[in-house]
Amino acid sequence: GGFVLGPTVLGRIPGFLRTLFPYRSLPILEVIAHIGIIYFVFIIGLEIDPSSLQRTGKYAIFAAACVMFPFAVGAISGKLVHTYLAIETNKSSFLTFLGVTLSITSFSVLARTLTEHKLINTNLGLTTLSTAMFIDSWAWILLSMAFSLSSGNLPAIMWTMASGMVFILWSVKVVKPAVLWVSRRKQKGEVVGELSASVILVGVMVWALLADAIGINAVSGAFVYGLMIPYGPLGVALIERVDDFVEGLLLPLFFAICGLRSNLYSVSNVWAAVALAMVALLSAAAKVAACMSVGYLYDMPLNDRFAMGLLMSTKGVIEMVILKIGRDMEVLSEQAYSILVVMSVVVTIAVGPLLKLATTSNRGQASYQRRTIMWPDPNSELRMLVCVHNTRNIPSMLGLLEACCPTKRSPVFVFALHLVELTGRASAMLVVHDTTGSASSSDPQQLHKHMIQALESYAQRAAGVTIQPLTAVSSYSTMHVDVCGVAEDNCVSLIVLPFHKQPTVDGDMQVINPAIHSLNQSVLANAPCSVAILVDHGLSGPHAVHHVAVLFFGGPDDREALALASRMAEHPAVSLTVFRFIPGDDSATLPSMRRYGSNYSDEVLTLEEDEENEEQLDEAYITEFRLKHVSDETVVYTEKVSNNAEETVAVIRSMEGIHDLYVVGKGGGSSSPLTEGLTEWCECPELGPIGDMLASNDFNANASVLVVQQGMQEHEMAAGMVEESPRKPR
């Protein structure tokens with residue numbers, strides 16, 4: 001907007017700028033914009049967790065490469081354009097400013113770009129964000145060095161750098177203890193008062209003034225001040241007070257000022273301008289090359305390396321700040337300033353389409369062997385994604401996890417994903433927590449802390465369990481993309497979702513949030529692996545005795561449910577009963593013939609063949625299950641004969657009050673004459689006919705229900721496997 005209103009476009013109209021922006025108004029606008037950028041940089045400092053920077057690893061190597069490669073390109077190539085762009089300052093200052101400008105990455109813009117492309121919850125997104133956090137921290141050190149070098153006076157340079165070190169040490173020793181004291185009061189439940197918040201926010205301006213006075217610039221002081229405040233409850237409270245005002249009003253004004261000061265008509269040497277533009281493009285290419293090189297050392301996929309290089313080339317507020325400071329200090333000429341501003345916008349705009357191409361070709365092709373429970377070695381690691389909406393979901397999920405019998409021989413890796421509805425923030429975020437309860441880039445609120453503490457407590461007691469807590473903040477309409485993305489990128493075999501209803505005191509089921517109902521349906525339709533919906537009727541916590549029942553009608557979902565129950569049967573405190581429903585002599589057969597009548601077409605023949613294949617697979621897997629548990633007294637297999645849906649319901653109702661948990665397949669019995677007519681009465685189709693009946697208020701069993709849907713790719717594999725091995729699936 002500022003670029004269009006400035007001297008390059010509309011400013012060419014005679015009298016336009018003097019009318020819209022009188023000379024006396026420009027200083028006021030610049031002061032307000034400068035205040036906005038000071039507080040925005042303070043917010044950036046708040047959002048960075050200094051403790052996470054201590055866990056360096058590959059992120060520090062990525063950051064170093066992404067800084068050094070473009071810095072070298074900018075510094076070396078800048079010599080060619082320094083003379084031709086009429087820059088009067090000394091060459092070392094110009095080269096330092098140019099190198100810093102081209103090497104940094106905008107952390108805030110990057111987070112929003114990852115969110116828009118649904119990459120923030122992927123390994124690529126987490127690696128890129130962590131690397132950008134390092135670069136943002138180093139950028140201010142490099143910028144302070146550039147300020148010092150701009151004077152060209154060696155004593156002044158030494159004084160500025162020494163003063164900066166003293167300033168930082170004083171901030172750590174004096175400011176941080178005081179802020180931590182206020183933060184501890186906030187964590188004890190006390191609300192941050194108006195006086196405390198006002199003192200802290202006024203301190204931003206004081207630190208900016210002190211930093212400007214010693215020569216390291218006001219924005220660096222605001223950034224250091226933000227780093228001193230822990231991003232916990234206190235940091236959240238401060239951001240809530242100033243974020244909307246700063247980012248909604250003051251920050252756009254700063255961008256407008258940057259655009260107003262850009263004038264492409266000031267470029268007199270076209271070839272020098274082209275050379276500087278090429279330098280900017282080469283620096284972006286250098287970042288791509290850096291990520292490609294370092295990513296190769298860590299065995300990153302080629303597309304991920306290329307996408308990370310593109311992401312690290314995003315520019316934003318910080319680069320505009322550096323360019324504006326360089327222009328104010330006359331380190332950059334009007335020509336160089338205008339060209340670099342335009343190139344920043346061009347490069348950032350180009351990142352989006354190129355990133356979409358890179359990620360589109362990569363996503364969808366990713367595959368992993370373990371998408372379901374039944375196909376691989378039962379003793380291999382089971383990777384589960386457990387979704388949680390509130391604290392009431394945690395005990396039932398831990399009870400289910402314990403029932404899955406994690407051991408050192410057959411471990412379970414759990415990704416515990418806390419789903420939070422996006423309310424008011426401009427971008428969704430996914431946060432990786434460490435098991436000590438701290439977050440790497442965003443604050444876990446009270447519910448996050450309870451979840452992490454419960455998971456940590458369970459993981460310490462149980463053997464063979466590894467838990468990675470995550471938090472996804474998104475709107476319910478797109479939340480299924482986050483869930484499926486985490487499952488795909490982490491090779492998850494089973495997604496466990498809580499039901500959208502919870503039991504009340506009187507035993508009825510009450511809807512928590514209708515949006516959760518739609519979310520579960522979307523996950524079932526798009527999941528790359530098996531999915532289970534847990535209907536909690538008071539499932540006991542860890543180390544409780546479970547009486548588990550499997551209702552087996554046939555089909556891939558029922559086989560997957562039986563595979564999960566087979567794993568539960570390994571638990572010494574779990575007794576398992578498998579009820580296999582078999583059609584009686586009087587049951588209707590071939591419903592497809594009744595449906596099509598005399599038109600016995602090829603489609604009906606194909607349907608018959610599919611049904612025969614499914615029956616062979618069912619028989620093979622039942623045989624394998626019985627042989628595996630033939631000597632296990634806690635596992636009981638029984639067959640129930642039924643002729644119609646009424647007899648099936650009667651058999652199931654006879655089980656009321658016996659079992660703690662029912663494990664059923666979503667598609668179990670959906671095409672069977674034994675359940676014909678039940679589908680029409682389904683209140684929740686995502687549970688299937690049997691699961692819906694067990695979860696209804698009419699079924700007074702007071703038992704939890706786990707409804708399983710097998711991964712879609714395995715449905716397709718099943719038909720081809722019958723020809724190879726009709727007795728035992730691979």
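Author: A residue is called buried when its relative accessible area is under 20% and exposed when that area is over 50%, while partly exposed covers what lies in between. The model is a predicted one, and with those cut-offs tryptophan 170, at 41% relative accessibility, counts as partly exposed.

We can begin with the rings themselves. A pair of aromatic rings is described by two things, the distance of the centres and the angle of the planes. In this structure the count of aromatic pairs comes to nine. One of them is formed by tryptophan 170 and tryptophan 207, whose ring centres lie 5.3 Å apart and whose planes are at 5° to each other, so that the pair counts as stacked, a word kept for planes under 30 degrees apart. The two partners belong to distant parts of the chain, since tryptophan 170 is in helix H9 and tryptophan 207 is in helix H10, 37 residues away.

Together with Val174, Val202, Val206 and Leu210, Trp170 makes a nonpolar surface patch of about 410 Å². Helix H9 (154-187) and helix H10 (194-214) are the elements that each give two or more residues to this patch, and the largest share, three residues, comes from H10. Leucine 210, which is found in helix H10, is one of the patch residues, and its relative accessible area of 33% makes leucine 210 partly exposed.

Rings elsewhere in the model have charged neighbours. The charged end of arginine 12 sits over the ring of tyrosine 265, at 3.8 Å from the ring centre, and arginine 383 lies over the face of phenylalanine 413, with 4.9 Å to the centre of that ring.

For comparison, we may turn to the loops and the elements beside them. Aspartate 299 lies in the loop between helix H13 (270-297) and helix H14 (302-311); its phi is near 60°, a positive value in a residue that is not glycine, and its relative accessibility of 69% means that aspartate 299 counts as exposed. Helix H14, by contrast, is mostly covered, with seven of its ten residues buried, among them Asp304, Arg305 and Leu311. Cysteine 405, in the loop between helix H17 (393-403) and strand E2 (412-421), likewise has a positive phi of about 60° without being a glycine, but with 10% relative accessibility cysteine 405 counts as buried.

Strand E2 leads on to a strand pairing. Ten bridges join E2 to E4, and the two strands run parallel; in one of these bridges valine 420 has valine 473 of E4 as its partner. Because seven of the ten residues of strand E4 (residues 465-474) are buried, this strand is largely enclosed by the rest of the structure.

Technical notes
Residues are numbered from 1 along each chain as its sequence is written. This is a predicted model: local features need pLDDT of at least 70, side-chain atom pairs count only at pLDDT 80 or more; totals for chains, interfaces and linings use all residues. Side-chain values use heavy atoms; hydrogens and water are left out. Helices (H or I, at least four residues) and strands (E, at least two) are DSSP runs, numbered from the N terminus. Buried means under 20% relative accessible area, exposed over 50%, partly exposed in between (1.4 Å probe, protein chains only). Two strands pair if DSSP finds at least two bridges between them. Patches are made of residues with over 30% relative accessible area and no salt bridge: like charges are joined within 9 Å, nonpolar side chains (Val, Leu, Ile, Met, Phe, Trp, Tyr) within 5 Å. Accessible areas come from the Shrake-Rupley method with a 1.4 Å probe; for residues, only the protein chains shown count as cover. A salt bridge is a side-chain nitrogen of Lys or Arg within 4 Å of a carboxyl oxygen of Asp or Glu. Rings of Phe, Tyr and Trp (its six-membered ring) pair if their centres lie within 6.5 Å; planes under 30 degrees apart count as stacked, over 60 as edge-to-face and the rest as tilted. A charge sits over a ring if NZ of Lys or CZ of Arg is within 6 Å of the ring centre and within 35 degrees of the ring normal.
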